[in-house]
Structures are given as structure tokens and as C-alpha cells.
Amino acid sequence: MWDSHSKQLELSRFVDIWQEPATPATIADVRALPDSAWTRNGSDSVSLGYGDEVYWFRVKIRNRTGEVKNPYLEIGYPVLDHIEVYADSSAIDREPLVLGDKQPFYDRPIPHRNFIVPIDLAPGQESAVYLRVDTTSSMQVPLTLWDPSAFYSAEESRGLFEGLYYGIVLVMILYNLFVFMAVGERSFLHYVGYITAMPLFLASLHGMAFQYFWPNATWWNDQSIIVFLNLAILFGGTFSIRFINVSRANHPYLNRWTVALVMVAGLLAGSALFVPYRDLILPTILVGAVGCSTMLVLSVVRWMRKDPAARYYTMAWVFMLFGGIVLALSKFTVLPRNMFTENATQVGSALGVILLSLALADRLNREKKRVLESQQRLLREERKTRMAQTKSLRVQQEANVMLEQRVQERTRDLEVLKERLMELNATDALTGLKNRGHFDAEFQSAVVRAYRYEQPVSLLILDIDHFKNFNDAYGHLVGDDCLKMVAQCVR
């Protein structure tokens with residue numbers, strides 16, 4: 001029912017579903033179906049999971065007012081491939097409005113990330129809207145009827161939420177990129193890769209990327225979901241290995257498992273450029289679920305090993321894993337599709353991004369403290385070394401002074417000894433008079449001096465008469481005494 005006070009009406013409980021057989025049906029065939037052929041959905045979400053089936057959806061809306069109403073019908077799942085909308089019950093042969101992410105974005109009647117269809121409700125009558133949906137993604141067809149003013153008012157709130165999320169992510173990307181450029185730590189670069197791929201995946205999934213980044217790239221719009229989700233797992237794995245030190249030395253099996261997971265994610269991301277979305281979406285979801293679980297296991301194991309970085313890391317992956325699991329379960333129809341399940345991944349990833357940034361900042365702070373402590377320790381060691389060098393230098397100086405004093409003393413002693421030796425060398429041992437060597441040196445000096453100054457020089461020669469006879473008569477000892485007596489007289 002739609003009345004004059006209606007602003008928003010969730011239509012999921014009132015949707016009838018019919019699975020198209022192998023032979024395509026026309027709108028005339030569908031309108032001719034009896035009510036027994038239709039199945040009432042009856043739940044808060046229209047979610048039929050993955051498959052190759054084509055479904056028709058019917059919703060009947062009664063306008064209880066006395067005037068024509070023009071509400072908006074929102075199909076809130078932007079990755080549906082092909083949608084045919086039949087909203088005019090009176091024109092059976094009229095061409096349907098064709099929507100879907102296989103159509104260029106600006107072919108939509110209202111440019112919005114979701115599919116918005118203006119419909120006309122005749123006064124006091126019941127109108128039926130038929131949708132034919134064929135998609136390779138999950139068959140989710142959330143239908144909401146909006147009053148235009150209420151729709152744009154709600155869109156402001158949703159836009160604020162989206163802007164807040166992407167603003168947080170952009171700030172974190174730039175912050176960690178600048179930190180990487182400043183410190184050169186590769187963990188920050190892997191983290192930048194992860195927090196860049198994750199929001200791009202969510203933007204592709206929620207239609208934001210198709211609206212703002214590649215509105216005409218219909219092929220890439222599907223494949224980008226595969227590429228960015230696998231890149232998020234790839235960079236998440238490489239970041240985990242480096243950040244919480246899951247190396248082959250301390251965790252050989254976990255390291256090999258994570259490396260294998262990273263390689264599979266990289267292979268799937270590369271394959272998305274060649275393999276259709278239909279064949280890669282289920283393996284990608286499986287790798288995503290396994291990857292999130294693996295990162296959580298790694299963080300818990302490292303936390304148990306007393307790794308300080310694992311505290312924030314574990315909490316971050318709890319939030320991101322929770323959001324990813326909620327999203328995956330909603331795609332497989334285990335959980336209903338609603339505002340919580342659709343935004344759980346964004347909320348979880350935003351909290352995870354903030355916590356991981358705190359973890360990186362905490363690690364950087366601990367690295368700075370460790371470097372500071374190392375520098376202080378080196379300064380202390382250098383101070384001790386300098387003091388030891390000063391003490392050693394002082395001891396060496398004292399030793400040098402003592403050595404110099406000893407050298408001077410030895411030099412003086414040597415000079416005295418030298419003088420004595422020279423004296424002994426120039427003196428006859430028996431008589432105590434100067435010997436022939438001394439005479440030769442002194443005589444030569446005297447002659448030169450006399451010649452220079454034109455002075456006379458005299459030479460006195462003494463001889464002891466009959467000394468040989470005396471020496472033979474009284475013996476050599478008495479002869480020596482005689483020589484000593486004569487030398488004393490000469491002196």
C-alpha cells in the first residue's frame with residue numbers, strides 16, 4: 001500500500017518469484033501466469049545465491065491516494081548484469097527499461113550507483129511491476145519504494161557514510177605512503193597496497209567505482225571485483241608475513257601456507273583479465289574467506305608468541321574478518337541482505353584499517369625507542385671508551401714524562417761516562433799523564449791556532465837518562481815507580 005504519508009516501503013516481503021524455464025518467456029507469458037505459479041518471497045531480503053537460472057520478480061503496489069504518485073523503485077544491488085523492468089501494466093508491447101552493470105552507467109534514468117526506476121502509480125489502483133533478472137553474480141534483488149524527497153534525504157546520509165569511510169581510507173593511504181617514503185620500511189608499502197585494494201573492491205561491489213571511475217567500462221566493472229578482492233588477499237598476506245614476522249625460521253608451515261595463498265590470489269587476480277567473472281567469482285570468494293581466516297590464525301599465533309605487534313593486528317583482523325564473513329554469508333543467502341550485512345565489510349575494514357595503522361605506528365614507535373636505546377647505549381659505551389682513552393692518554397703522558405726524565409738522567413750519565421772514557425782514553429794508565437793520542441790532537445790544534453793568530457808555539461821534550469840500565473838493574477816494578485815519580489814531578 002502506498003498512501004500520501006508513505007516515504008519508504010521495503011518490498012522484499014511482498015515480492016513474488018518465478019523461475020524462467022530453459023525457453024525464454026515474454027512479458028505477455030509472464031502476465032498470463034496464474035498466481036499459483038508464483039512463489040511469495042516472504043522474507044526481509046530477496047536472495048537466491050549463485051546460479052545460471054533466470055528469475056522473474058513481481059510486486060504489486062496499490063496507490064490509496066486520489067492522485068498520481070511517482071515514487072522511485074530502488075534495486076539496491078548494483079552488480080546485477082541484466083535487468084528488464086516492466087512498470088507500465090497498460091502497455092503490454094512496450095519495450096522494457098533495460099538496466100544492469102552490462103549497460104553504460106549513463107543509460108540509467110537516474111544516475112545512481114544502485115538502479116533507480118521512476119514508476120507511475122495510478123490513483124486508487126493496483127499496479128504490478130515485473131523484473132526479469134539474469135546475472136552471473138549472486139541473485140539478490142532488494143527492492144525499496146521511495147518517495148523522491150525521502151530518497152534524496154536518505155541518500156545524503158548514505159553519501160555521508162560513504163564519504164566518511166573513503167575519507168578515512170584515503171587519509172590512511174597517504175599517511176602510510178608518506179611514512180614509507182620517510183623510513184623506507186617495506187611493511188608500510190605492503191599495507192598501502194592492501195588498504196588501496198580493499199576499498200577499491202568495496203567501491204566496485206557497491207557501484208561507486210562504476211559511477212565515478214569507469215562508467216563506460218562494463219567489462220572491467222565485473223572483473224574489477226575479482227581483481228581487487230584477490231589483490232587485497234595478496235597484499236594482506238605479504239603484509240602479514242612481514243609485519244608479524246611469519247618467517248620460515250619461526251613458522252615454516254604457516255609461512256608456506258600463506259605464501260601459497262598469496263600465489264593463488266595473485267593467479268586469480270591475473271586470470272581475471274582473461275577468464276569471465278562467472279568462472280572466477282566462487283573461487284575468489286573461497287580464497288577471500290580462507291585468506292581472512294588465515295590472517296586471523298597468524299595473528300593469534302603470533303600473539304601467543306608474545307609478539308607486541310600482534311595485539312592490534314589480531315583485533316584488526318577480527319573486525320575485517322567479521323565484515324567479510326557477514327558479506328559472504330549474505331551472498332550465499334545464509335544471512336538476510338540488509339543495511340547491516342551490506343555495510344559490515346566497510347565498517348569492519350575501516351576499523352581494521354585504523355587498528356592496523358595504530359599497530360604500524362606502535363611498531364614504528366617501538367623501533368624508534370629501540371634505536372634511541374641503542375644510541376644511548378652506544379653513547380654510554382663511547383663515553384666509557386673516551387674516558388678510558390683519556391685515562392690511557394694521561395697514563396701515557398705520565399709514562400712519557402717519566403721516560404723523558406729517565407732518558408735525560410741516562411743522557412747525563414752517559415755524558416759523564418763519555419767524559420770519563422775520553423779522559424781515560426787520553427791518559428796513560430801508569431803515569432797519569434796525557435798519552436801520545438792526546439798529544440797528537442792537542443799539538444795539531446795548537447799548530448793551527450798558532451798559524452791562524454801568528455803566534456809562536458813551543459814544544460818541550462823530556463827524557464830520563466839511563467832509564468833502561470835503571471830498569472834492568474832494579475826491575476820493572478821499581479822502573480814503574482820511577483816513571484810515576486818523574487810524572488809527578490812533571491805534573
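Trainee: How much of the chain counts as buried?
Mentor: Of its 491 residues, 41% are buried, meaning under 20% relative accessible area with a 1.4 Å probe and protein chains only; exposed is over 50%, and partly exposed lies in between. Keep in mind that this is a predicted model, where local features need pLDDT of at least 70, side-chain atom pairs count only at pLDDT 80 or more, and totals for chains, interfaces and linings use all residues. Residues are numbered from 1 along each chain as its sequence is written, and side-chain values use heavy atoms, with hydrogens and water left out.

Trainee: And what does the C-alpha trace span along its principal axes?
Mentor: About 180 × 50 × 40 Å.

Trainee: Switching topic, what is the strand order in the open sheet of 6?
Mentor: The order is E3-E2-E4-E9-E6-E7, with antiparallel pairing. Strands here are DSSP runs of at least two E residues, and helices are H or I runs of at least four, numbered from the N terminus. Two strands pair if DSSP finds at least two bridges between them.

Trainee: Which strands sit at the edges?
Mentor: Strand E3 (39–40) and strand E7 (97–99), each pairing on one side only.

Trainee: How many bridges join E2 to E4?
Mentor: There are 4, between residues 16–19 and residues 55–62. Ile-17 stands opposite Phe-57 in E4.

Trainee: Last one: is Ile-461 buried or exposed?
Mentor: Ile-461 counts as exposed because its relative accessibility is 69%. You'll find Ile-461 in the loop between helix H10 (436–453) and helix H11 (467–474).
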